Amino acid sequence: QHGAYAGRLFERIRGSLAPGGRAAFGDLMFENATERERLLAKYAADDSVAGSIREEFFWDLPTAVPRLERLEFAVQTRRFSELSWGVAAQLPDGRV
């Protein structure tokens, strides 16, 4: 469900940017499924965090990055904290 929403969001952003245009995202994300499980176990005693991990939408980088790349974005990621990441996406500038 969230994956389909993200795919449509990325397509709309792609359609609204000029060549060379950039998009930046900052949100709660997981590096991968193993990292999600590790953090879920780490915060098991803190139901506010563990509950959020189980119930809320966190970006999944192994899904989001390839979706952006399929839309011709060059993608960079950066971890800001244990649960937060930034994603920078830029379209080619169209010059030959």
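Which residue forms a salt bridge with Glu37, and how far apart are the closest N and O atoms? The legends below take up this pair and others.

This is a predicted model: local features need pLDDT of at least 70, side-chain atom pairs count only at pLDDT 80 or more, and totals for chains, interfaces and linings use all residues. Residues are numbered from 1 along each chain as its sequence is written, and side-chain values use heavy atoms, with hydrogens and water left out.

**View 1. Glu37 and Arg36 form a salt bridge.** Their closest N and O atoms are 3.1 Å apart. A salt bridge here is a side-chain nitrogen of Lys or Arg within 4 Å of a carboxyl oxygen of Asp or Glu. Glu37 is partly exposed because its relative accessibility is 45%. Arg36, at 24%, is also partly exposed. Buried means under 20% relative accessible area, exposed over 50%, and partly exposed in between (1.4 Å probe, protein chains only).

**View 2. Glu35 sits in helix α2.** The helix spans residues 33-42. Helices (H or I, at least four residues) and strands (E, at least two) are DSSP runs, numbered from the N terminus. Glu35 counts as buried because its relative accessibility is 11%. Its side chain makes a polar contact of 2.7 Å with that of Arg79. A polar contact is a pair of N or O atoms within 3.5 Å; within protein, one must be able to donate a hydrogen and the other to accept it, and residues adjacent in sequence count only if both atoms are side-chain atoms. Beyond its neighbours within four places in sequence, Glu35 is in contact (heavy atoms within 4.5 Å) with Phe30 and Arg79.

**View 3. Glu82 pairs with Lys42.** The closest N and O atoms of this salt bridge are 2.8 Å apart. Glu82 lies in the loop between β3 (74-79) and β4 (84-90) and Lys42 in helix α2, so the pair ties together parts that are 40 residues apart in sequence. Glu82 is partly exposed at 25% relative accessibility. Lys42 is partly exposed too, with a relative accessible area of 47%.

**View 4. Asp47 forms a salt bridge with Arg54.** The closest N and O atoms lie 3.1 Å apart. Asp47 is exposed, at 53% relative accessible area. Arg54 is partly exposed, at 46%.

**View 5. Shared partners build a salt-bridge network.** Glu31, Glu35, Arg38, Lys42, Arg79 and Glu82 are joined into one network. The count of salt bridges comes to eight.
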